[in-house]
Amino acid sequence: MFEVIFKMVSFTYSDYQAQMTFTQWKQKRRQTMIAMLLVNLVGGMDISIILATIVPYLRYTIIVQDVNAFYAFITTAFCVSSAVFGIISGKLVDRTRQMKIFTSITLLLQVVGNLVYTIPISSAFPLVGRLLAGAGESFTGVCIGEVIRIYDTKGSNRIICWLAMMSSFGYVIGPVISIPLSKCHFKIYELRIDGYNIAGVLIAILCSLTFMLCQFMMHDCSKIFDMKSYLAEQGLEDEPDSIEDEFFINNNNNKVLCHEETSSSEDEDENIAKEEESLLPQNSKSKLSNPFCFAKDEESLLPQNSKSKLSNPFCFAKDEESLLPQNSKSKLSNPFCFAKDEESLLPQNSKSKLSNPFYFVRTFDQWMVLVYSFIMMFIIASGESLIPLINYEVMNWSLNALVIIFVGYGIVLLATSMLLSKICTGDKSIYRVGYASFPCVISFYLALLLMSLDIRNKNRDIFYMFLFVLSLVFIWFMESIVMRSMFGRMVPSELQSFAEALRAAVSRFGMVVSSFVSPFLLSVLMYYSSCFLVVGVIMLVVYIARRRQLTDIQFIKL
């Protein structure tokens, strides 16, 4: 179904240009990056502003009895929808390279989803709304695949950091915007809008504006030129400053050029045939106009038995079939035998690729990244869920303290994103960021373990919370930058978006597990912290042991 939708709108959205130069392509790439940053900004706002208002929306506007259960269902629906739609659309974008169509579809899904979310008639509307909006949130994973295709290693790492920075900036300003909107109370016909469901209306308006901007700024850059494949073929690491226009056009618009050359050659052949025909005598021209005249002349020269064979069109088929060996006759009677023969001619590794959908996720490092992505997202989601519980239940702090914690968390996240965008320039620098992130897993659970003790001291508790939030920031970067960049380098360009969507789906599964487990963690906080302290140490040891492979990543070629 999704493939049919892509094909239906591909003609309208196609911006394939026959004579595009490398300089023009880079201009389109720059516009595409600006559009991607805007979409990520709105996506970050969508997640944070809904999370900040969904509980009071369910409790006071819709009046749901079991708020925690519905909150868990809605969060799970959002994550599952994002994972499933991301995998499907990632595969389609890899095949078609129609990034503009995909962006338009995801933004429209977010618009519809957020409008459905605002209907306060039943708790089913927020559930369906977040299900649709979750499909739109899959943009980030597919977008990362496109970025890796059209930039070199240094450029793609920089853009990935920028995308993370815009998401974190949206994550910060989302709850801030919800504060002045909390006083809103009005009706649109019979639809009641208050300070809690107005968040859906706001995000729908922002997604609509972003949709209109993307019609002019988003382009199918990798469909025109695949930078990653080009650098691999040329044996280069960095993007060249310029590519000759003739080489760029001949290698990336060859379908259009070949069609034009074929048409011109056909015209030349037709003119030559007309000139040769004009040199023939008049009777020869009449014979040329009658395609059966020569057949009659040749038939008159044949013996009588040959003429009778000509009158029976199946006689030669019988004669030729009688000359075939017995096994060939049996093959002719079985129309599927040649399909089996062609399959037998395929190399053994090609058969395994066709039968095993996870063929390109078969190295230890790839599976390590997937497992680490799951664990990191579980830690992040559970940590963000524990912050308000620790604030109220363990520390006995006020609502103002919780607001300060979340605002500080967002500011540190934004500042660190800007810093890492300058540092992350290659595989080695990405690996070094991991050195700082994995010890933060240990410090995260160490701070959590110390806060779980019944010994309270104000200054010490503030330090523990600061260490807890700072460690959470670096764990977030480990999942959103280091794991993304590493996994993107391990797969071929033809499967880039699908691979990142698969990694994002595994990561979202960690969030789903966390949404069900987090409410029970506070009662077993000490045991939970102790177990994951050991897990963090094991993850760090394995990461250090794979240093040589992770600093010189080689992807599997098709």
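The model on screen is predicted.

**Stop 1: H2 against H5**

Select H2 and H5. Their axes lie 13 Å apart, and the packing angle is about 170 degrees. H2 and H5 are therefore roughly antiparallel. Show side chains next. From H2, Asp46, Ile50, Tyr57 and Leu58 make the contact; from H5, the partners are Pro126, Arg130 and Ala133. By class, the residues of this contact are five nonpolar, no polar and two charged.

**Stop 2: H2 against H4**

Look along the crossing: the hand is left.

Which residues of H2 meet H4? Pick Met36, Val39, Asp46, Ile50, Thr53, Ile54 and Tyr57 in H2. Across from them in H4 are Met99, Thr103, Leu107, Gln110, Asn114 and Tyr117. The contact of H2 with H4 divides into eight nonpolar residues, four polar and one charged.

Leave Asp46, Ile50 and Tyr57 highlighted for a moment. These H2 residues belong to the contact with H4, and they also belong to the contact with H5.

**Stop 3: H3 against H5**

Select H3, residues 67–96, with H5, residues 124–136. The axes are 7 Å apart, at an angle of about 30 degrees. H3 and H5 are therefore roughly parallel to each other. Is the crossing left-handed or right-handed? H3 passes H5 in a right-handed crossing.

Now colour the contact. H3 contributes Phe73, Ile74, Ala77, Phe78, Ser81, Ser82 and Phe85. H5 contributes Pro126, Leu127, Arg130, Leu131, Ala133, Gly134 and Ala135. Of these contact residues, 10 are nonpolar, three polar and one charged.

**Stop 4: the cavity**

Hold on to Ser82. How many cavities of 30 Å³ or more does the structure hold? It holds one. About 70 Å³ of space lies in the largest cavity.

H3, H6 (139–150) and H24 (496–521) are the elements that give two or more residues to it. H24 has the largest share, with three residues. Colour the lining by class: two nonpolar, five polar and three charged.

**Stop 5: the second largest pocket**

Clear the selection and switch to pockets. The second largest pocket holds about 700 Å³ of space. Its lining has 22 residues. Which of them lie nearest the centre? Centre the view on Thr153, Leu236, Glu237, Asp427 and Ile553.

H7 (153–181), H10 (227–234) and H22 (427–452) each supply at least two lining residues. H10 gives the largest share, three residues. Finish with a class colouring of this lining: six nonpolar, six polar and 10 charged residues.

Definitions and conventions. Residues are numbered from 1 along each chain as its sequence is written. This is a predicted model: local features need pLDDT of at least 70, side-chain atom pairs count only at pLDDT 80 or more; totals for chains, interfaces and linings use all residues. Side-chain values use heavy atoms; hydrogens and water are left out. Axes are lines fitted to C-alpha atoms, for helices over the stretch in contact, and angles run from 0 to 180 degrees between N-to-C directions. Helices (H or I, at least four residues) and strands (E, at least two) are DSSP runs, numbered from the N terminus. Angles under 35 degrees count as roughly parallel, over 145 as roughly antiparallel, 65 to 115 as roughly perpendicular and the rest as oblique. A crossing is left-handed if the near helix is turned anticlockwise from the far one by less than a right angle, and right-handed if clockwise. Contact means heavy atoms within 4.5 Å. Ala, Val, Leu, Ile, Met, Phe, Trp, Tyr, Cys and Pro count as nonpolar, Asp, Glu, Lys and Arg as charged, and the others, Gly among them, as polar. On a 1 Å grid over the protein atoms alone, a cavity is a set of points where a 1.4 Å probe fits but cannot get out, and a pocket is an open set with protein on both sides within 12 Å along at least five of seven lines; lining residues have an atom within 4 Å of a point. Grid points are joined across faces, edges and corners, and a volume is the space filled by probe spheres set on the points.
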